[in-house]
Amino acid sequence: YVPPDLLNYNPGIAKAWVDYNQSNLVIDASRNVTSVTDNAAGLYTVNWATDFSSANYAYSLASAKVSIALIDKTAGTLKADTLSDTSENSVIAFGDQ
């Protein structure tokens, strides 16, 4: 048995993830995400509730209909571009917090 509070320190556990609709900024499900900010058409920022220890964390971006590209990442945010607002997007991140 591994207590849930110890799982947060396991490097194989996602420290943050979100599934959201960029068209209307509705977060369908998430962990350790406070919000998703719409910066412009296709540009968004995911804001972590608990920052990572540095910007050196692994991430994966997915969008149902378009390609997606990382713009910038810091310990507290991840910025990406889908070129247009899409209804199905996901971000997952692994790293030290």
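**View 1. L78 and its contacts in the predicted model.**

**View 2. The largest nonpolar core.** This core holds 15 residues. V18, Y44, V46, W48, L78 and V91 touch the most other members. Five elements are named here: β1 (16-21), β3, β4, β7 (77-81) and β8 each give two or more residues to the core.

**View 3. An open sheet of 4 strands.** The strands run in the order β2-β1-β8-β5. Their pairing is antiparallel. β2 (26-31) and β5 (58-63) stand at the edges. Each has a single partner strand, so one side of each is left without a neighbour in the sheet. From one strand to the next, the twist averages 10°. Strands of a sheet pair through backbone hydrogen bonds.

**View 4. The pairing of β5 with β8.** β8 covers residues 89-94. The two strands pair in the antiparallel sense over 6 bridges. Look for S60: its bridge partner in β8 is I92.

**View 5. The hairpin of β3 and β4.** β3 spans residues 33-40, and β4 spans residues 43-48. They pair in the antiparallel sense over 6 bridges. T37 stands opposite T45 in β4. The hairpin has 2 residues between its strands. In the turn, G42 has a positive phi of about 85°.

Notes
Residues numbered from 1 in each chain as written. Predicted model: local features only at pLDDT ≥ 70, side-chain atom pairs only at ≥ 80, totals over all residues. Heavy atoms only, no water. Pairing = 2+ DSSP bridges. Axes fitted to C-alpha atoms, helices over the stretch in contact; angles between N-to-C directions. Core = buried A, V, L, I, M, F, W, Y, C linked by side-chain atoms within 4.5 Å. Buried < 20%, exposed > 50% of the residue type's maximum accessible area, 1.4 Å probe, protein only. Contact = heavy atoms within 4.5 Å. Lists of a residue's contacts leave out its neighbours within four places in sequence.
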